Structure formats: C-alpha cells, structure tokens
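User: I'm new to this one, so could you take a close look at the sheet for me and walk me through how it is put together?

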Amino acid sequence: MSVVKGIAAPLEKYDGSSLRILIVHTRWNSSVVNELVKGTIDTMTKEHSVKSENITIQTVAGAFELPFATQRLIAASRLQATPNAAELFSTLGENTGPPPINSKTFDAVICIGVLIKGSTMHFEYISEAVSNGIMRVGLDSGIPCVFGVLSCLTDEQALERAGLGVSEKKHNHGIDWGHCAVELAIKNRRWI
Ligand code: DLZ
C-alpha cells in the first residue's frame with residue numbers, strides 16, 4: 001500500500017549555526033513531552049548545527065499556558081536585546097504593531113506539549129485555545145512559532161508520536177518540529 005501522509009524533504013540544507021531558538025514546553029505529561037523536546041533539540045543541533053548555547057528552554061505547567069508564556073518571553077527578549085527599548089516603547093501608542101525585530105531576539109519558537117483527552121470537555125477547549133493562541137503569538141510577533149502540541153485521544157497515541165510506542169510506525173514528532181523551526185527561521189530572515 002502506498003503512503004500518502006507525511007512531509008517531503010526540504011529542497012535545501014539549512015544552516016542553523018547563527019539561530020537563536022526558544023523552546024517552551026509543558027510539565028504536564030512530562031514523560032512524553034521530555035522525549036519530544038529531546039527529539040527537537042537533537043534534530044536542530046545535529047542536523048542543522050544549531051548551537052546548544054543558543055537554545056533557551058522554559059517550562060510552564062500545562063498547554064494552556066504556552067501562548068501567554070511565549071508572548072511574554074518574546075517581549076522580554078526584545079527588551080533585553082534593545083538597550084533603549086523601554087524608551088522606544090514609551091513613545092509608541094497602543095496598537096502600533098510589534099516592536100522592531102532585533103538581531104538578538106529569537107529566530108523561532110517551538111511550543112511543546114501533550115494534551116490527552118479525558119472524560120470532560122477540557123480537551124476540546126484547551127486544544128482549540130492553545131492552537132489559536134500559538135498561531136496568534138506568531139502572527140503578532142513576526143517570529144515563527146512552531147505548533148508542537150499533540151492532541152491525542154489516548155495515551156498510546158501520545159507514546160507513538162513521541163517515538164515511545166510499540167508499533168513500527170512510531171515516530172518522534174519533535175524531529176519534524178526541529179526541522180520546521182530551522183527552515184522557517186532561515187526563510188523568515190530572507191523574507192524580512
Ligand atoms: C488541567 C489539565 C488537564 C486535565 N489535562 C492537561 C493535559 O493533558 N495536558 C496539558 O498540557 N495540560 C493539561 N491540563 C492543565 C492545563 O493546560 C492548564 O495548565 C491548567 O488548566 C491551568 O491553566
């Protein structure tokens with residue numbers, strides 16, 4: 001049987017040696033999340049030469065906190081990266097758009113978490129809020145935010161997608177998120 005699903009290889013090899021990457025991950029479902037984080041980091045460092053000292057890692061409790069934390073961390077990095085940023089912000093009115101991109105802010109963010117459906121509506125509300133929230137942070141900030149949140153109906157689905165399952169098809173999705181972050185970070189520099 002032919003395989004339809006999945007991502008084709010990129011057209012070029014991306015050099016991530018100058019990139020600054022932020023990973024924000026949850027402590028909920030940590031055994032699976034930690035494996036996904038590892039897969040993401042290994043891919044970026046081993047396959048794209050991202051320097052480990054240029055990867056910042058922050059944690060939050062659960063997936064619902066990912067968009068807020070990401071937005072605040074991007075804002076904080078911009079303040080630190082721009083010596084007179086406080087002055088600059090004070091001169092800006094509201095709704096004037098995101099602050100200027102500085103070379104020391106993050107080139108890409110990867111938000112990582114695992115939602116597992118329970119017996120209430122919690123899963124539906126959180127997964128929708130988190131996917132919309134992460135998308136919004138990316139669009140508002142102009143910094144690519146990779147959606148590294150698994151929305152699983154069972155524990156087994158989560159294990160399979162972190163490469164911890166028992167089936168032949170198990171695959172660590174962190175690998176894809178690592179490739180995705182580097183590609184989009186490099187392309188975003190060209191697009192500015
Ligand atoms: C409360 C909760 C539940 C039931 N399940 C998960 C989950 O599967 N994955 C996850 O990342 N977080 C879960 N949370 C926590 C919420 O995301 C959030 O941290 C709390 O509602 C506090 O805002």
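Analyst: Let's start with a term: two strands pair if DSSP finds at least two bridges between them. Strands (E, at least two residues) and helices (H or I, at least four) are DSSP runs, numbered from the N terminus. Bear in mind that this is a predicted model, where local features need pLDDT of at least 70, side-chain atom pairs count only at pLDDT 80 or more, and totals for chains, interfaces and linings use all residues. Residues are numbered from 1 along each chain as its sequence is written.

Now for the sheet. Strand β1 (residues 21-26) and strand β3 (residues 108-116) are parallel partners, joined over five bridges. Within that pairing, Leu22 sits opposite Val109 of β3. On to the next pair: β3 and β4 also run parallel, this time over eight bridges, and Ile110 has Val146 in β4 as its bridge partner. Getting from β3 to β4, the chain goes through α4, and this β-α-β crossover is right-handed; that is, with the strands pointing away from the viewer, the path from the first strand over the helix to the second runs clockwise.

Put together, you get an open sheet of four strands in the order β2-β1-β3-β4, with parallel pairing. The edges are β2 (55-60) and β4 (145-152), each pairing on one side only. Neighbouring strands are turned by 15° against each other on average, direction ignored (axes are lines fitted to C-alpha atoms, for helices over the stretch in contact, and angles run from 0 to 180 degrees between N-to-C directions).

Although β4 is an edge strand, it is mostly covered, with six of its eight residues buried. Buried here is a matter of 20 or more other C-beta atoms within 10 Å of a residue's own, with C-beta atoms placed from the backbone.

What about the helices around the sheet? Helix α1 (residues 30-48) lies across β1, β2, β3 and β4, at about 155° to β3. Helix α6 (residues 173-191) packs on the sheet too, touching β1, β3 and β4, and its direction makes about 160° with that of β4. Contact means that the C-beta atoms of two residues, placed from the backbone, lie within 7 Å.

Finally, the ligand. β3 gives the largest share of the shell around it, four residues. In total 15 residues surround the ligand, the closest being Thr26, Trp28, Gly62, Ala63 and Phe64; being near takes a C-beta atom, placed from the backbone, within 6 Å.

Notes: Buried ≥ 20, exposed ≤ 12 C-beta atoms within 10 Å, placed from the backbone.
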